[in-house]
Amino acid sequence: MESTTVLVIGGGATGAGIARDLALRGVTVTLVDRGGLASGTSGRSHGLLHSGARYAESDPVGAEECIRENRVLKRIAGDCLRDTGGLFVQLAGDDPEYFETKRDACQAVGIPTTVLDGDDAREVVPDLSPDVERAMRVPDAVVYPSRLVAANAADARDHGATIHPHAPVEGMTVADGRITAVDVGGSVDERIEPDYVVNATGAWAERIAAMAGVTVEMRPTRGVMVSVEYDRLGPVLNRCRKPDDGDIIVPHDSEVVLGTTSVSVADPDDYSTEAWEVSDTVAECAAMLPPVADAPTRRTWWGVRPLYAPDEDAREGRGISRGFFELDHAADGVENFASVVGGKLTTYRRMAESTADSVCDRLNLDADCLTADRRLPGADDPDRLDALVTEFDGRGVTDADVVDTPES
C-alpha cells in the first residue's frame with residue numbers, strides 16, 4: 001500500500017501543474033491519470049494561448065488573468081510555445097461597435113493592441129480575405145500541450161513527485177468524513193492512502209467526486225478541431241464578433257487548426273459527432289482565410305470542455321467566461337478532498353498555484369509558490385521535451401504534427 005501527502009487525480013495541464021507546484025514546495029505528491037498524460041481535454045484543444053482579448057469585454061477579470069499568465073508562460077515555457085501573435089479581424093457585415101468595445105476593454109485590462117486597416121492586415125497575412133475591413137493585433141500565441149504537460153510532470157518528478165500514467169481511479173474509501181484510501185488500477189494496481197486528494201479531472205470531475213459521495217455538477221460541451229494543410233499563416237486569427245462556431249485559426253508549421261463548435265454532451269466519454277460541425281467550421285474559418293476551404297484535411301478531432309454547471313447556468317451563454325472554481329468538499333462532509341474545475345489551458349499555472357495554496361493551507365504548511373519564475377525543464381530543447389512526452393505517453397492530437405515522438 002502506497003501512501004502520499006497529496007494525491008492528484010488527473011494528468012492534464014492543471015493536474016500536472018498542481019503536482020509541480022506542490023513538489024516545488026516540498027510536498028510529497030502522487031499524480032495518477034487513467035491514460036497517458038494530457039490524454040483528456042488538454043491534449044485535444046485547439047492549442048491557443050489566449051492573450052485575454054477574446055474575453056476582455058465579457059469577463060475582464062478572466063481576461064486580465066489570461067494576459068498575466070500569457071506573459072508568465074512566455075518566460076518559462078520556451079519551446080512548449082510558439083509566439084506568433086494574433087489578429088482579431090472584422091469582416092464586412094461584422095458589427096464595428098463590437099470591435100471598438102473589444103479594443104477599449106483590452107486597453108482597460110492592460111492587453112496591448114494595434115489597429116490595422118484591411119490593406120495593412122493583408123500585408124501581415126497575404127491570403128486574408130478581401131472582406132476583412134480592419135484587424136486588431138494582440139499578443140496571442142500557440143501552445144503545444146503535449147510538451148507543456150510533460151515538462152510540468154518532469155519538474156514535479158525531479159522534485160520528488162511520483163507520476164503514474166495509465167492508472168485509473170477505481171474507487172475510494174471514506175470514513176469519518178475523510179478519504180482514507182483510493183483504489184488505483186492499471187499500472188499501479190494497489191491502494192493509495194493520501195492525506196489529501198485533489199480532483200483535477202476536468203470534464204470527468206463529476207464522476208470522480210461521486211466516488212467520494214460528493215456532487216460536482218459539470219456541463220461538458222464538445223468542440224471540433226480540423227487541421228488542414230496550409231503553411232503561410234503567421235499569427236493566430238480570431239473573428240472579431242461574439243464567440244461563435246468557426247472563429248479561430250491557429251497556425252502550426254505546415255498546418256493550421258480550425259475551430260470550433262460548442263455542443264452539450266451528457267457523457268464526456270460517449271458522445272456523437274456530426275458532419276455539420278466540420279463543414280460549418282471550415283466554411284466559417286474560410287471567411288477569414290479563403291484558402292483553407294479547399295486545403296487537404298490532415299486530422300479532425302473533438303475535445304470536451306470542462307464547464308462547471310452552476311457557472312454556465314448563471315451566465316446563460318457561450319464564450320462569456322472560462323473562469324475556474326475551487327470546490328472545498330469539507331463543506332460536503334469530506335474533509336480532505338477538493339475539486340478544481342473550469343478554466344482554460346492558458347491559465348493552468350494560476351489554477352495550480354491557487355489550488356496548491358489552498359491545499360497547503362488545509363495541511364498547515366507554510367510554503368510559497370515558485371512556478372511563475374522557474375523555467376520548465378527542457379524549455380530550450382525541443383528534443384528533450386519530446387522525449388519527456390514519450391516518457392509519460394503524453395502525445396496528444398493537438399500538436400501531433402509538431403511533437404516528434406516514436407509514434408509519429
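**Close-up views of side-chain contacts**

**View 1. An aromatic pair in the predicted model.** Ring pairing gives a count of one aromatic pair in this predicted model. Its partners are Y308 and F325, whose ring centres lie 5.1 Å apart, with 40 degrees between the planes, a tilted arrangement. The two residues are 17 apart and link distant parts of the chain: Y308 belongs to the loop between β18 (297–305) and α8 (309–315), while F325 sits in strand β19 (residues 324–328). Y308 is buried at a relative accessible area of 16%, whereas F325, at 25%, is partly exposed.

View 2. R134 counts as buried, with 17% relative accessibility; E100 is partly exposed, with a relative accessible area of 26%.

**View 3. Lysine over tyrosine.** Have a look at Y55, too: K344 lies over its face, 4.8 Å from the ring centre.

**View 4. A salt bridge between D94 and R239.** The structure holds 33 salt bridges, and this view shows one of them, with an N to O distance of 2.8 Å between the side chains of D94 and R239. D94 comes from the loop between β5 (86–91) and α3 (96–109) and R239 from strand β14 (residues 236–239), so the pair ties together parts that are 145 residues apart in sequence. D94 is buried, at a relative accessible area of 10%, and R239 is buried with a value of 10%.

View 5. In the salt bridge of D155 with R374, the closest N and O atoms are 3.1 Å apart. This pair links distant parts of the chain, 219 residues apart: D155 lies in helix α5 (residues 145–158) and R374 in the loop between α9 (348–362) and α10 (382–391). D155 counts as buried at 2% relative accessibility, while R374 is partly exposed at 35%.

View 6. The disulfide count is zero. For C360, the nearest cysteine sulfur is that of C369, 9.6 Å away. C360 is buried, with a relative accessible area of 3%, and C369 is partly exposed, with 22%.

Technical notes: Residues are numbered from 1 along each chain as its sequence is written. This is a predicted model: local features need pLDDT of at least 70, side-chain atom pairs count only at pLDDT 80 or more; totals for chains, interfaces and linings use all residues. Side-chain values use heavy atoms; hydrogens and water are left out. A disulfide is a pair of cysteine sulfur atoms within 2.5 Å. Buried means under 20% relative accessible area, exposed over 50%, partly exposed in between (1.4 Å probe, protein chains only). Rings of Phe, Tyr and Trp (its six-membered ring) pair if their centres lie within 6.5 Å; planes under 30 degrees apart count as stacked, over 60 as edge-to-face and the rest as tilted. Helices (H or I, at least four residues) and strands (E, at least two) are DSSP runs, numbered from the N terminus. A charge sits over a ring if NZ of Lys or CZ of Arg is within 6 Å of the ring centre and within 35 degrees of the ring normal. A salt bridge is a side-chain nitrogen of Lys or Arg within 4 Å of a carboxyl oxygen of Asp or Glu.
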